[in-house]
Amino acid sequence: MPGIEKLPIEETLEDSPQTRSLLGVFEEDTAAISNYCTQLYQAMQRIYDAQNELSAATHLTSRLLKEYDKQRFPLGGDDEVMSSTLQQFAKVIDELSSCHAVLSTQLADAMMFPITQFKERDLKEILTLKEVFQIASGDHDVAINRYSRLSKRRDNDKLRAEVVEDVYTSRKKQHQTMMHYFCSLNTLQYKKKTALLEPLLGYMQAQISFFKLGSENLTQQWEEFLGTIGTSVQNVRREMEEEVGQMQQTIQEMERACDALYAPCDPDPAHSPVCRNLTRKQGYLYIRNKTGLVSSSWERQYFFTQGGNLMQQGRGEVAGGLVTDLDNSSVMAVDCDDRRFCFQVTSFDGKKVVTLQAESRKECEEWISTINNISRRIYLSENAEELAARVNQSALEAVTPSPSFQQRHESMRPTSKGRTGRASSISSVGSEPSPALSVLSLDALVAPETPIQFDIISPVSEENSGQNKTAPQSGRRSNPFGESGESTAEDSEDSILHQLFIVRFLGSMEVKTAESVDVISETMRQILAARAIHNIFRMTESHLLVTCDCLKLIDPQTQVTRLRFPLSTVVQCSSHQDNKRLFGFVLQTASGRGDSRVVCYIFESNNDGEKICDSVGLAKQIALHSEMDRKAVEKKKEEDKAKEKQKEELSKQRQIEKDLEEQSRLIAASSRPANPPGSDGQFLVLSNSQSEDSDAGEEGKKKGL
C-alpha cells in the first residue's frame, strides 16, 4: 500500500499558516471523501433495495406459480402437465427466492453496514470536531485580541490576570481540540481505505456465495483475489491501530510539555532568556494599518524573515508577501498609547515605516535583535552567530523605547553641561560618517563624507555674552535670552501670517544642489540611516513659527529663538511621500567667499508635514505678492512724478513762448517811427502806455462783440 499522508501533531501549538494550509488540504480531502462516500452509499443502497425487490419479486413469482391450480380460467381446463411443470418452476424459483433473501441479508451485513458506519459515525465525528475546533480557534483569537488590547497606562492587575487566564484556557482548549482533530483526520486516511474496500469485499463475497453453485472456476479465481484484498485490509487495520496508539501517546506528551507555553508571557524570565544571536525568526505579530488620516487598526498576521526580507502571511494563504526590505534598515522599540511591546521598523530610505506588536517583552527584544542582525547583513556570513554576538550591545540600546514628548521635554532643558556634551557628540558623528552611509548616498545630490548635525546649536547664546556685559552701561533693558523686544514686535506686526507648529529636529547637512526635487528625500534617508547606525534617538523639540518674512525655531520653555531662516533663502520645502510626519526644507545662503552654500534641514512633526509645507508655500506666495504690490506702488509713484515733471516742463515751455511773443511785440513796437505819417507821409510814434491802452481797447471791443 502507498504511504499515508499525516498532519504533524507537533506543530499544533504553533498554529502556523503552513500548518493551517496543510489542514485546509486535509479538510478538502475529507470533504471530497464525504461527497464520494455519499454517492457510493446511494449506489449501494440502490443495489440493496434492488436485491430486496428481486427477492420479494421472486418469492411472489414462486407463490403465484404455486397457486396456478387454484385459478379458474373460463377457456382453460385441467392441465396436469402444465400444473406439474409450473410446480417444478415454483420450487426452483422458491429456492432462488431463498438464495436472494440470503444475498440480501449478506449485503445488509457485509456491504451496507460498514459504509453506513463510516458515513454516520466517522465522517460526522470529524465534522463535529471541525466545528469544535473552529469555535476554540475563534475563542482563542478573541482572548488573544483582548490580551493584546491591555492598556499600558491603565494597568489593572485583576483584569490582566483574568485576561491571561482566559488566554491560557482558550489556548489550551484550542491546542487539545486541534490535536484530536488532527488525529481524527490522520485516522481518516486509513479509514477511507477500509471504508471503501470492506463494502466491496462484502458485496463480492455475497455474490460469490450466490453464484457458487454455477461458477466454481470463477469462484476459485475470485476467492484468490478477494483473499489478497482481505489480507491487505487486515494489514491496514493493524497499522492504523498502531498509529492511533502512537498519536495518543504523542498527544499526552505534548499536553504535559506545552502546559507552560499556553500563557502569553513567561512568568520566569530566567527560565527562557532572550536570544540575541538570531538571524531568522517567525511568529505571530500585530501590524498597525492606517484606516484614515488619524485612525489606525491592528491586524494579527504571521511574520517570518526570509533572507533580508520581512514577510507576512495570513491564515489560509499559501505563500507570504513582502512587508519591507530589512537590509540597512533601522529598528527600535516605541511607545504606543494603546499597545505594549511595540517596535518600529524603518526602511533604509526612510520611505516605509512599519509598526509591529509582539506578544511579550521577550518576543519584542528577540525580534529587534534579529532585525538588527539582518540589517547589518550578518546572515550572509559564515559565522552568523559570532558576528551577531558582537552587535548585541547596539541591539540592547535599540530595545530601550524612545522617550515620549513629555520625557523629551524634561530631558532637554537647556543646561550648559548638556549642551557641551551634545556638541562634542555631534562633531564626532559628523566628522567620521559610517561607510554604510556613504555607500547608500547618491553623489549627484549629497556628497559622501558629508558631516551631519543632529542637534541645534543656537548662535544667539554665543553672541549674548558680549551683550550682557555691556547691558548695565546702557540705559536700556536687554533681553537675557539674546533677543530684543523690538525685533520680535516688528516681526509680529509686519507679517500677516503667523502659524505655529510643534516640530522635532532630526538633523541637517550640506547638499550639492537646491534644484532637485529628490534632494530632501535623499537627505531624510541619510539622516535616518545615520541615526540608526549611531543609535541616536534623542530629538530637540521646538516651536516652528512661519511668517511672511522668516521661519523661526523657538524654544518652547524660554521662548528663545534658536534659529532664524529668512524666507527668501528657503528654496524648496516638501514632506515625506509615505511618512507625513517627516518634512524638510532647503536653504541657499551666500557665504563669505562669494559662493552660495546649500543646506537641507530635516524635522519631524505631529502628522503636520504637508500642512507645514503648505504654510511655507503660502508665506512665500504672500511675500511674493507683497513684493509685487510694493513694486507696483513704486512704479506708480515714479509715473506720477514723471507726469508732474512733464506738466512742469510744459508750463515752462508755454511761459517761454509767451515771453518770446511779448518780446517780439515789444521789438516790433520799438521799430516803428516816432510820429505817424500825415498827409505828407510822416509817421506818428506812440508811447508804450498809449500802445498798451490801444491794445486794451481792442480787447474790450472784442469782448463786447
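A residue counts as buried when its relative accessible area is under 20%, and as exposed when that area is over 50%. The legends below use these words for a predicted model.

**Figure 1. Aspartate 327 sits buried in a loop****.** The loop runs between strand 4 (321–325) and strand 5 (330–334). Aspartate 327 has 14% relative accessibility, so it counts as buried. Setting aside neighbours within four places in sequence, aspartate 327 contacts Gly308, Phe348, Ile374, Ser375, Arg377 and Tyr379.

**Figure 2. Asparagine 328 has a positive phi****.** Most residues other than glycine have a negative phi. In asparagine 328, phi is near 60°. This residue, too, is placed in the loop between strand 4 and strand 5. Its relative accessible area is 24%, which means that asparagine 328 is partly exposed.

**Figure 3. Phenylalanine 341 also has a positive phi without being a glycine****.** The value is about 55°. Phenylalanine 341 belongs to the loop between strand 5 and strand 6 (342–346). With a relative accessible area of 17%, phenylalanine 341 is buried.

**Figure 4. Threonine 291 is an exposed loop residue****.** It lies between strand 1 and strand 2. Relative accessibility here is 54%, so threonine 291 counts as exposed. Beyond neighbours within four places in sequence, the contacts of threonine 291 are Ser296 and Ser297.

**Figure 5. Threonine 12 lies in the segment before helix 1****.** At 3% relative accessibility, threonine 12 counts as buried. Glutamine 174 is 162 residues away along the chain, yet the two C-alpha atoms are separated by 8.9 Å. Not counting residues up to four places away in sequence, threonine 12 touches His175, Met178, Met179 and Phe182.

**Figure 6. Valine 167 is a buried residue of helix 3****.** Its relative accessibility is 0%. Valine 142 lies 25 residues away in sequence, with 8.8 Å between the C-alpha atoms of the pair. Among the residues that valine 167 touches, beyond those up to four places away in sequence, are Ala143, Ile144 and Tyr147. Tyr262 and Pro264 are also touched by valine 167.

**Figure 7. The largest nonpolar core has 33 residues****.** Leu23, Phe118, Tyr181 and Leu185 have the most contacts inside this core. Helix 1 (17–66), helix 2, helix 3 and helix 4 (216–257) each supply at least two of its residues. Leucine 185 is in contact with Leu7, Leu23, Phe26, Thr30 and Ile126, leaving aside neighbours within four places in sequence. Another core lies apart from the largest one and has 30 residues. Its members include Leu150, Trp298, Val331 and Phe343.

**Figure 8. The second largest pocket has a volume of about 1,200 Å³****.** Its lining has 42 residues. Of these, Arg171, Leu261, Pro264, Glu359 and Glu363 lie nearest the pocket centre. Two or more lining residues come from each of helix 2 (80–148), helix 3 (157–211), strand 1 (282–290), strand 2 (296–306) and helix 5 (361–375). Strand 1 gives the largest share, five residues. By class, the lining holds 18 nonpolar, eleven polar and 13 charged residues.

**Figure 9. The whole chain gives the setting for the close-ups.** The protein chain has 15 helices and 15 strands. Buried residues make up 36% of its 705 residues. Among contacts with a separation of 6 or more, 67% join residues 24 or more positions apart.

Notes: Residues are numbered from 1 along each chain as its sequence is written. This is a predicted model: local features need pLDDT of at least 70, side-chain atom pairs count only at pLDDT 80 or more; totals for chains, interfaces and linings use all residues. Side-chain values use heavy atoms; hydrogens and water are left out. On a 1 Å grid over the protein atoms alone, a cavity is a set of points where a 1.4 Å probe fits but cannot get out, and a pocket is an open set with protein on both sides within 12 Å along at least five of seven lines; lining residues have an atom within 4 Å of a point. Grid points are joined across faces, edges and corners, and a volume is the space filled by probe spheres set on the points. Helices (H or I, at least four residues) and strands (E, at least two) are DSSP runs, numbered from the N terminus. Ala, Val, Leu, Ile, Met, Phe, Trp, Tyr, Cys and Pro count as nonpolar, Asp, Glu, Lys and Arg as charged, and the others, Gly among them, as polar. A nonpolar core is a set of buried Ala, Val, Leu, Ile, Met, Phe, Trp, Tyr and Cys residues joined through side-chain atoms within 4.5 Å. Buried means under 20% relative accessible area, exposed over 50%, partly exposed in between (1.4 Å probe, protein chains only). Contact means heavy atoms within 4.5 Å.
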